[in-house]
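Please read the following report alongside the sequence and the coordinates.

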Amino acid sequence: MHIDQPDSRVIFGTVPSGTTVIPFPLARRRAFIDRHARHIATMRPEVGERYLDRQLQVQFENLERRGIDLDIIRPQIVAMDAAIRAALWRAAITRGQR
């Protein structure tokens, strides 16, 4: 059954069984990415690396528990890792420019 919203191009409906849906790429979860980057920035490098590894492992386990295929999880975790590291670099480069 589809539900059409008036004046909208969004159509809500069912997803065929066996279809994997990733509601939002992990690397685009800006609040999550920025929060962890800010937190890691306050740590010694080796502690920050361990913390980041643990957070990525937690996300991996959450997706795995939801039954998402490993071939989908791995690139999502790699992208999240890259996004957090990029946020760390942005913070380091722009520090003091505000």
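## Overall arrangement

The model described here is a predicted one. Its chain holds 3 helices and 2 strands, and these elements follow the order β-β-α-α-α when read from the N terminus.

Of the 98 residues in the chain, 21% are buried.

## Packing of α1 against α2

Helices α1 and α2 pack at an angle of about 155°, and their axes are 10 Å apart. Because angles over 145 degrees count as roughly antiparallel, α1 and α2 are roughly antiparallel to each other, and the crossing that they form is right-handed.

On the α1 side the residues that take part are Phe 32, His 36, His 39 and Ile 40, which meet Gly 48, Tyr 51, Leu 52, Gln 55 and Gln 59 of α2. Sorted by class, this contact of α1 with α2 comprises 4 nonpolar and 5 polar residues, with no charged residues.

## Packing of α2 against α3

Helix α2, which spans residues 45-65, packs against helix α3, which spans residues 70-94, at an angle of about 150°, with the two axes 10 Å apart. The pair α2 and α3 is therefore roughly antiparallel, and the crossing of α2 and α3 is right-handed.

From α2, the residues Glu 49, Leu 52, Leu 56, Gln 59, Phe 60, Leu 63 and Glu 64 meet Leu 70, Ile 73, Arg 74, Ile 77, Met 80, Asp 81, Ile 84 and Arg 85 of α3. By class, the contact of α2 with α3 has 9 nonpolar residues, 1 polar residue and 5 charged residues.

## The largest nonpolar core

The largest nonpolar core has 16 residues, of which Ile 33, Leu 63, Ile 73, Ile 77, Met 80 and Ile 84 touch the most other members. At least two residues of this core come from each of α1 (30-41), α2 and α3, and α3 gives the most, with 6 residues.

## Two residues in the helices

Gln 59 has its place in helix α2, and its relative accessibility of 10% is the reason why Gln 59 counts as buried, given that buried means under 20%. When residues up to four places away in sequence are not counted, Gln 59 touches Arg 29, Phe 32, Ile 77 and Met 80. Gln 59 is listed in the contact of α1 with α2, and Gln 59 is also listed in the contact of α2 with α3.

Arg 35 lies in helix α1, where a relative accessibility of 43% makes Arg 35 count as partly exposed. The C-alpha atom of Arg 35 is separated by 9.1 Å from that of Ile 84, although the two residues are 49 residues apart along the chain.

How values were computed. Residues numbered from 1 in each chain as written. Predicted model: local features only at pLDDT ≥ 70, side-chain atom pairs only at ≥ 80, totals over all residues. Heavy atoms only, no water. Axes fitted to C-alpha atoms, helices over the stretch in contact; angles between N-to-C directions. Helix = DSSP H or I, 4+ residues; strand = E, 2+ residues; numbered from the N terminus. Parallel < 35°, antiparallel > 145°, perpendicular 65-115°, else oblique. Left-handed = near helix turned anticlockwise from the far one by under 90°. Contact = heavy atoms within 4.5 Å. Nonpolar A, V, L, I, M, F, W, Y, C, P; charged D, E, K, R; others polar. Core = buried A, V, L, I, M, F, W, Y, C linked by side-chain atoms within 4.5 Å. Buried < 20%, exposed > 50% of the residue type's maximum accessible area, 1.4 Å probe, protein only.
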